[in-house]
Amino acid sequence: MAFVEKTRYLLAPPYCRSAETFISPILSSPSEILDGLRLAGGWRFFKNLRVLQKKKII
Amino acid sequence: MSTQELLKVAKKHSNTSLTETEFQISNLVNKRPTFAKLDMSKPNIMGVINITPDSFYKNSQIHNLKKLKKYSYEMINNGASIIDIGGESSRPGAEKISRLEEINRVIEPIRYLKNCKVKSLISLDSRNLSTMKTCYKIGVDILNDISAFKERSKIEFISKTNIPIIIMHMQNEPTNMQINPKYSFAPTDIYNFFSKKITDFIEAGVKKSNIVIDPGIGFGKTLSDNLNIFKYLPLFHGLGVPILIGASRKSLIGELTINDYKFRGKNKIDISPSKRLSGSLAFAIHANMCGVQILRTHDVFETNQALICQKYLHL
């Protein structure tokens with residue numbers, strides 16, 4: 001099974017039929033990200049995502 | 001890429017793509033409800049107590065109630081909000097023991113701690129339904145199953161009792177789990193495993209707020225699989241439930257140490273579990289930086305101290 005990691009451009013549209021998509025937040029402290037999103041209502045923040053895509057075997 | 005960029009790409013593709021992307025991002029962001037009345041917006045420590053003669057780390061083995069009380073109170077005073085009690089070793093190669101033997105090992109310690117009214121939750125580390133049922137009757141607060149409650153009867157019991165659970169991923173059984181474990185890519189394979197499990201549990205009537213997942217460091221994984229799980233830990237927040245990590249004193253710390261010594265041409269090094277505290281703390285700090293809500297450890301004082309210092313460094 002092919003495995004591709006892209007941080008800027010995607011292998012396929014997210015959550016499309018031909019590829020599985022997984023998103024992993026790139027975490028920081030609130031002082032490093034001023035307008036970031038709070039992870040799970042907790043103590044870490046993120047703005048950017050690492051997107052992982054795997055070709056589906058159809 | 002940024003969350004905004006991803007949403008834009010999804011919107012351009014299709015409504016389904018946009019809906020799923022929004023759902024995944026909301027899973028990352030949504031505040032987790034309390035788990036067994038514990039606040040999941042801060043890190044929690046789970047202390048390990050083994051009522052076994054053969055667990056991999058001898059210092060965690062407790063054989064009498066006096067020592068159990070002393071050890072538990074120390075853990076609670078040092079910051080543990082959960083005490084995890086197990087009566088069967090799950091180290092690689094460990095043989096299953098009889099249900100009766102396991103019940104006999106854990107029932108008195110759990111009953112004793114409940115009678116002492118300890119200020120922490122008690123979780124049972126077991127894969128036997130009869131042990132779970134017996135301990136539930138005497139007031140155990142959480143069930144922690146390394147076999148991920150795979151039997152239908154367990155799911156029915158959890159759904160009926162509404163007891164909070166920790167589901168762990170393990171490939172095969174402790175007796176054979178380290179014999180050639182195989183994944184396409186461990187973090188995403190394990191993510192899919194949990195995604196299906198959570199759906200099954202919810203369909204069976206289990207509340208999502210009663211579920212915590214544990215990727216099972218060292219349970220049917222190679223060194224590379226374990227390191228990939230740590231590298232991609234934030235991925236698991238996409239499941240929308242709290243995460244537990246237990247790397248305390250595990251063999252990957254020994255393996256990494258040996259590899260480094262070999263690389264430097266040194267061969268003799270003691271890497272037994274008693275020599276793995278610093279590595280355990282390094283992994284605990286990394287997990288905390290990945291927003292992991294529960295850290296399972298043999299060393300509550302040291303782990304708590306590391307988290308306190310890290311907090312004041314504003315990491």
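Reply: Below are some notes on one helix pair and a few salt bridges.

Me: Before that, what are the ground rules?
Reply: This is a predicted model: local features need pLDDT of at least 70, side-chain atom pairs count only at pLDDT 80 or more, and totals for chains, interfaces and linings use all residues. Residues are numbered from 1 along each chain as its sequence is written, chains are lettered from A and ligands numbered from 1 in the order in which they are written, and side-chain values use heavy atoms, with hydrogens and water left out.

Me: OK. At what angle do α9 and α10 of chain B pack?
Reply: About 110°, with the axes 9 Å apart. α9(B) spans residues 251–263 and α10(B) residues 277–289. Therefore α9(B) and α10(B) are roughly perpendicular (65 to 115 degrees).

Me: Which residues make the contact?
Reply: From α9(B), B:L252, B:I253 and B:L256; from α10(B), B:G279, B:S280 and B:F283. Contact here is heavy atoms within 4.5 Å.

Me: How many of those are nonpolar, polar or charged?
Reply: Four are nonpolar, two polar and none charged. Ala, Val, Leu, Ile, Met, Phe, Trp, Tyr, Cys and Pro count as nonpolar, Asp, Glu, Lys and Arg as charged, and the others, Gly among them, as polar.

Me: Switching topic. How many salt bridges over all chains?
Reply: There are 15. The criterion is a side-chain nitrogen of Lys or Arg within 4 Å of a carboxyl oxygen of Asp or Glu.

Me: Where in the chain do B:R127 and B:E88 sit?
Reply: B:R127 is in the loop between β3 (121–125) and α5 (129–137) of chain B. B:E88 is in the loop between β2 (80–86) and α4 (99–115), and the two are 39 residues apart. Their side chains form a salt bridge at 3.0 Å, N to O.

Me: Are they buried or exposed?
Reply: Both B:R127 and B:E88 are buried (under 20% relative accessible area; exposed is over 50%, partly exposed in between; 1.4 Å probe, protein chains only).

Me: What about B:E101 and B:R105?
Reply: They form a salt bridge, with the closest N and O atoms 2.9 Å apart. Both lie in α4 of chain B, four residues apart, about one turn of the helix. B:E101 is partly exposed at 36%. B:R105 is buried at 17%.

Me: And which residues are linked in a network?
Reply: B:D84, B:D125 and B:R296, through salt bridges.

Terms used: Axes are lines fitted to C-alpha atoms, for helices over the stretch in contact, and angles run from 0 to 180 degrees between N-to-C directions. Angles under 35 degrees count as roughly parallel, over 145 as roughly antiparallel, 65 to 115 as roughly perpendicular and the rest as oblique.
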